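Here is a friendly walk through the model you are about to see. Keep the sequence at hand as you read.

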Amino acid sequence: MSSLIGFLSLVFAIGINLYLLISKYLFKIKNKRFKLFVRLSSLLTLLSFFSLMCAYVVSDFSNYNVFQNSHSNKPMIYKISGTWGNHEGSMLLWLSILSIYSFFFSFIKNIEDNFQRLTLNIQAFLHILFGLFIVLTSNPFLVNSLFVEEGLGLNPILQDPGLAVHPPILYAGYVGYSIVFSIAIAGLFHNKDDEWLYIAKRWSLISWTFLTGGIALGSYWAYYELGWGGWWFWDPVENISLMPWIAGLALVHSLMMVRGEQALKRWIIFLSILCFSLSVFGTFLVRSGILTSVHSFAADASRGLFILLIFFIVTGFGFLVFLLKEPKKSNPLNLLFINKVSALVINNILMVIATLTILLGTIYPIIIEVLNNKRISVGGPYFNSTVIPIMIPGFLLMSIAPVLSWQTNKIKDSKKYALGFIILSVAVLIQSYFLDFNTWGFVGLLLGFWIITASTIAILSSYKIKFSIKFFQIINPHIAHIGVGLAIIGITCSSVFKNELDFNLNEGDEFNVIGKKVLFEKIETTNEINFQALRGKFLFDIEKNRLNQIEAGKNYYPVSKMITSEAGILHQWNRDIYFILGDQKDNEWFVKVLINPFVSFIWLGVLIMVVSGLIGVTRR
Amino acid sequence: MNRIIILTPLIILLIICIFSLAYLVSGKDPHKPPSALLNKDVPSFESSSLYDSKEIINTIDIKNKKTLINFFASWCSPCKIEHPLFFEIRKKHPELYLLGFNHKDPSSDAKKYLEDDGNPYDFVGVDADGLIALEFGVFGLPETYLINEDGKIIFKFMGPITKDVLKNEIEPLL
């Protein structure tokens, strides 16, 4: 029953959007009614989504999608997250989030009616495209032709609280760019004033903040669930999320800085189209099954073709409008050798180059396979040696950009910064000399500390410190940059200075990790609701009284006959000690211990960026 | 000049779409990667029977006969899906030698699996440590290889074979 309701409301919502799209030319409906229809279509789409969720919650296996991806033994949270733990459901989530954005956008006041309507019309157009995609190729409401009492289960690797919330947040970021795209295109058509720039600013910041949170959650999940001890693998799916993130970063900054300059406006429109195009392209790459990873649920050529068509229409339409329509002529760009605008332009160019570099690395294997019929993979070494050097000058510039002037080449308090930079360089050099000098380590640490120092100097010397919300809103850009600095320190330390130790151990053995005694207490097996758990128990630092117990092991999921690895992590503020339990051979267990310094700084840095993104949204 | 710069994104879009389209319609499928082994000699292997460890099969034993090699395991659910098709192949092509490699499986589980679902293979070789799969470049289970009389690999398929694959891709080669 719920499946029927879900399907019907999905189809109705598409119908309403079709009506909205042609209403301008055929029916001439009033603005108020137009908005009501937008909201109705959003609510119907959400009803459709919650109907599917309902089918998952009650384990209605007469729905083929539920049968394929759920099991009655599953804990409730994973029944709910199972709704988007598969291709069809996740596309419905995609569409629902698109509707939510349109819903909220229809409530915005103080903007020109025609502009708002045009934006919502473009959203309706997108809704129709993706809605048809779901109905025609990825219908989550198909009826199961067999009578069954049990489902096939959800991929155990996806049964994790972090991963239950990762897709909705990530999608909120991806799909958020749809509204930015619509605003920019509407802005081009409706070429009267620059009001749309200020509206786009808020929405692009919301999308970027969600995208940051979503990527970080996925990365955090990979860190403790995949059991490889790393948090970023340059996996194609990660690259796909990184591209709109970097382009979005350039977009957010351009929107912050724009003061009606003609060149910047063009650039902003270009970036808005680019961000959404990259989001759709990412969806295409993952959903067509061209890329295989934990994210590609099923390969189906018809789906791939359909999304490729959507990608072509959306991007082609966007760039064609961009080519034909020009924003209204206004202020020229005030470029000096080193002022706010030039720093922004340089940073923007670097970010777009970085995005294109990632794009090239991601699609290169496809091009090679088409031309040569050889399968190659482009991985970490390519991206590390191209993307990171491209980004470094940008980061360096970022540290002083907020204090640059609009009109002159002068930097306020430039002596303080120069002094700070010299002291810092010497300090980091001395520190890295004692800690096995490593070029990347030196550059990364200097960069991270420099960004934090420069931002702190800027806060201290430019503003009077007060503890009020307004003050935090004013210094928000600096706070965001401090977050970036912290993340860079974390990234550098955890990748350059990490350490790996291997042991073969019997139960009861003691061994040394970074000068601390560790006891391999015992192996325990327990039966949980939907899996069997094997756990090795370790006591860390047994000589001191502060005993830390670490559990590392594996889970066996009988329904899908899969084994997942569960790393045991001891979090300390300055390092993570990461235990992985391997196989047993001749009564000895293979245990791998990784020491990852300052990983917590990455999560702290990202958290600061997300919070400051949220503060930015509230600022007028 | 300005126009050309503005046209660039459209050109890049076209290139990306053309290559993606070519990839999709060429029937290329991540389940069926171009194998470096295709049209090459079958890698040398030696394996004992699941039922009698003294009974050995090696590369020389499959010389001069068409052989279908299938990697399977009791823990692999897609293998279960394709399993009945091997009975069909056996019935229709009795001359084809069916060699199954049981991949990283406790022998008791493997035996039980073949007891429950039936054993279509002429020989079930044990690949307990996965070394033979490694030689063949197996990505994931199930995988199926067709070897001709000269000992060359003429077909490879990743994932469960289907009736379509059997009819359109394997049978024309038999």
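## Helix 18 of chain A and its neighbours

The buried residues of helix 18 of chain A pack against helix 8 (195–225), helix 17 (476–496), strand 8 (575–585) and strand 9 (588–597) of chain A. Among those buried residues are Val599(A), Phe601(A), Ile602(A), Met609(A) and Gly616(A). Here, buried means that 20 or more other C-beta atoms lie within 10 Å of the residue's own, exposed means 12 or fewer, and partly exposed is in between, with C-beta atoms placed from the backbone. Contact means that two such C-beta atoms lie within 7 Å. Helices (H or I, at least four residues) and strands (E, at least two) are DSSP runs numbered from the N terminus.

This is a predicted model, in which local features need pLDDT of at least 70 and side-chain atom pairs count only at pLDDT 80 or more, while totals for chains, interfaces and linings use all residues. Residues are numbered from 1 along each chain as its sequence is written, and chains are lettered from A and ligands numbered from 1 in the order in which they are written.

How far apart are the end C-alpha atoms of helix 18 of chain A? They are 30 Å apart, which agrees with the 28 Å that its 20 residues (599–618) should span at 1.5 Å a residue. The expected span is 1.5 Å times one less than the number of residues.

## Helices 8 and 9 of chain A

Helix 8 of chain A also meets helix 9 (residues 236–257) of chain A: their axes come within 9 Å and cross at roughly 145°. Axes are lines fitted to C-alpha atoms, for helices over the stretch in contact, and angles run from 0 to 180 degrees between N-to-C directions. The crossing is left-handed, that is, the near helix is turned anticlockwise from the far one by less than a right angle (clockwise would be right-handed). Residues on the helix 8 side include Leu197(A), Trp208(A) and Ile215(A), and those on the helix 9 side include Pro244(A), Trp245(A) and Leu255(A).

## An open sheet in chain A

In chain A, 5 strands form an open antiparallel sheet in the order 2-3-4-5-6. Its edge strands, strand 2 (510–513) and strand 6 (562–566), each pair on one side only. The twist averages 25° from one strand to the next. Strands count as paired if DSSP finds at least two bridges between them; strand 4 (residues 532–540) and strand 5 (residues 548–557) of chain A are joined by 9. Across this pair, Leu534(A) stands opposite Lys554(A).

## Chain B: an enclosed strand

Chain B has 5 helices and 7 strands, and 30% of its 174 residues are buried. Strand 6 (residues 143–147) of chain B is largely enclosed by the rest of the structure, because 4 of its 5 residues are buried.

Strand 6 of chain B pairs antiparallel with strand 3 (residues 67–72) of chain B over 5 bridges, with Leu68(B) opposite Leu146(B). Another 5 bridges join strand 6 to the antiparallel strand 7 (residues 153–158) of chain B, where Ile153(B) is the bridge partner of Ile147(B). In this hairpin, with 5 residues between the strands, Gly151(B) takes a positive phi near 80°.

Which residues of helix 3 (residues 107–117) of chain B are buried? They are Ala110(B), Tyr113(B) and Leu114(B).
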